[in-house]
Amino acid sequence: MSFLELAQKRRSLRSYLPDPVEQEKLEYVLECARLAPSWKNLQCWRFIVVEDADLRQELTTAYAETNPGRKALLQAPLIVVLCGVPAESEVWEGKDYMMLDAGLAMEHLILAAAEQGLGTCWQGLFAEDKVREILKVPENVRVLAMTPLGYPAEERKPRPRKEMSQIVFKGTWGSGNA
Ligand SMILES: Cc1cc2nc3c(=O)[nH]c(=O)nc-3n(C[C@H](O)[C@H](O)[C@H](O)COP(=O)(O)O)c2cc1C
């Protein structure tokens, strides 16, 4: 599969089979995340892999009021929670590199999962304090996002994307297509 094919294959999936994820596949996607680039190679990310059904139920409940993807969380056999350690990154000229770095690592994981035939769905975190409590995450660590991880129970058509001319400029901002 080419990278373009992988990018086309990955979709945000919100319905999962209960089938377990093989340990080798879990290790594979985590290894792909581990190899992500980061600001000064500080690797601020941490991943919590949640398999325990009670914990997954608690996480799903914590999300229930605010997040439309909550059903997917409960269905999938695993939830991967993305955390960031601010002390292992920097805000430089007002730019928060922890968010970039952690996002990169998570996307490595998500693309690797797609390659392995597994589904994911980025979940923005709207219940950080509750999730922090459930998973015993220390105060000096941010809980940033999570994703279900499991075999998809649905296929989804691609969602629309902006035209190349809207997002790529040649030479200077706003100039003709690259
Ligand atoms: C940082 C981030 C946060 C997201 N948060 C949510 C979310 O909370 N709930 C949800 O259902 N989808 C969430 N998504 C998925 C987007 O809605 C999805 O990527 C977008 O609609 C494009 O669809 P696609 O991923 O299938 O191509 C999030 C995606 C990103 C990158």
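## Around the ligand

A residue counts as near a molecule or strand if one of its heavy atoms lies within 4 Å of it. By that rule, twelve residues surround the ligand, and the closest are Arg11, Ser12, Arg14, Arg159 and Arg161. This is a predicted model, where local features need pLDDT of at least 70 and side-chain atom pairs count only at pLDDT 80 or more, while totals for chains, interfaces and linings use all residues. Residues are numbered from 1 along each chain as its sequence is written, and side-chain values use heavy atoms, leaving out hydrogens and water.

Let's look at some polar contacts (pairs of N or O atoms within 3.5 Å; within protein, one must be able to donate a hydrogen and the other to accept it, and residues adjacent in sequence count only if both atoms are side-chain atoms). The side chain of arginine 159 places an N or O atom 2.7 Å from a ligand oxygen, and a polar side-chain atom of arginine 161 lies 2.8 Å from an oxygen atom of the ligand. The protein buries 69% of the 630 Å² that the ligand exposes when taken alone (accessible areas by the Shrake-Rupley method with a 1.4 Å probe; for residues, only the protein chains shown count as cover).

## The sheet

Next comes an open sheet of four strands, in the order S1-S2-S6-S5 with antiparallel pairing. Strands here are DSSP E runs of at least two residues, and helices are H or I runs of at least four, numbered from the N terminus; two strands pair if DSSP finds at least two bridges between them. At the edges are S1 (45-50) and S5 (123-124), each pairing on one side only. S1 is joined by six bridges to S2 (residues 78-84), and tryptophan 45 stands opposite glycine 84 in S2.

## Helix H5

Helix H5 has 19 residues. After H5 comes glycine 117, which has a positive phi near 80°.

Technical notes: Expected span 1.5 Å × (residues − 1).
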